[in-house]
Amino acid sequence: VQLQASGGGLVQVGGSLRLSCTASGTIFSFNAMGWYRQAPGKQRELVASVTTEPNTNYADSVKGRFTISRDNAKNTAYLQMSSLESDDTAVYYCAAGGSLKFASRVDYWGQGTQVTVPA
């Protein structure tokens, strides 16, 4: 299984970006897909996740600004990020598996994609 993430980049404060994460290979329906992020000197944190039901979960810091969605037919999850802040600057990692609650229990990781929001 491979997770291919795309959509990162440089955006000004208040701007928007959309991240995509597509799963390929021998795929079972992941119960959960989502993103973690890691800023320099900080621990990796869960940003948002979506299950097959779909139930969504967001970090408090992004509630009201980020929206996660999922297209099960395309094995793809999307993270729409709006009203971006400099604190959102980080490498964003796509993740998938039974549960994304703990990074140590994530089954699959994608490559990171850099999101930069200059202060």
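Predicted model: local features only at pLDDT ≥ 70, side-chain atom pairs only at ≥ 80, totals over all residues.
Of the 119 residues of this protein, 42% count as buried.

Let me turn to the overall form.

Which elements build the protein? There are 10 strands and zero helices. Read from the N terminus, the order is therefore β-β-β-β-β-β-β-β-β-β. Consider next the contacts between residues at least 6 apart in sequence: 53% of them join residues at least 24 apart.

I now come to the interior. In soluble globular proteins, nonpolar side chains tend to be buried together. In this model, the largest nonpolar core has 29 residues. Which of its members touch the most other members? They are Trp 35, Phe 66, Leu 79, Met 81 and Tyr 92. The elements that give two or more residues to this core include strand S1 (2-6), strand S3 (17-24), strand S4 (32-38) and strand S5 (45-51). Strand S7 (66-71), strand S8 (76-81) and strand S9 (90-97) are also among them. Besides this, a second, separate core has six residues, including Ala 32, Tyr 36, Leu 46 and Leu 100.

Cys 94 is found in strand S9. Is Cys 94 buried or exposed? Its relative accessible area is 0%; buried means under 20%, so Cys 94 is buried. Leaving aside residues up to four places away in sequence, Cys 94 touches Leu 3, Ala 5, Cys 21, Gly 34, Trp 35, Tyr 108, Trp 109 and Gly 110. By way of contrast in position, Cys 94 and Glu 53 are 41 residues apart along the chain, and their C-alpha atoms are separated by 19 Å.

One of the contacts of Cys 94 is Tyr 108, which lies in strand S10 (residues 108-116). Tyr 108 has 32% relative accessibility and so counts as partly exposed. Again not counting residues up to four places away in sequence, Tyr 108 touches Val 1, Leu 3, Phe 30, Cys 94, Ala 95 and Ala 96. The C-alpha atoms of Tyr 108 and Ala 95 are 5.7 Å apart in space, while the two residues are 13 apart in sequence.

Val 1, a contact of Tyr 108, is found in the segment before S1. At 37% relative accessibility, Val 1 counts as partly exposed.

Some points of backbone geometry deserve attention. Most residues other than glycine have a negative phi, and most peptide bonds are trans. Pro 54 is found in the loop between S5 and strand S6 (56-58).

Two residues other than glycine may be named for a positive phi. For Asn 75, phi is near 50°. Asn 75 is found in the loop between S7 and S8, and with 26% relative accessibility it counts as partly exposed. Ser 83 is not a glycine either, and its phi is positive, at about 50°. Ser 83 lies in the loop between S8 and S9; its relative accessible area of 41% makes Ser 83 partly exposed.

Finally, the loop between S8 and S9 also holds Glu 85. This residue counts as partly exposed, at 36% relative accessibility. Which residues does Glu 85 contact, leaving aside its neighbours within four places in sequence? They are Arg 65 and Val 117. Glu 85 and Gly 9 are 76 residues apart in sequence, and 13 Å separates them in space, C-alpha to C-alpha.

Definitions and conventions: Residues numbered from 1 in each chain as written. Heavy atoms only, no water. Helix = DSSP H or I, 4+ residues; strand = E, 2+ residues; numbered from the N terminus. Buried < 20%, exposed > 50% of the residue type's maximum accessible area, 1.4 Å probe, protein only. Contact = heavy atoms within 4.5 Å. Core = buried A, V, L, I, M, F, W, Y, C linked by side-chain atoms within 4.5 Å.
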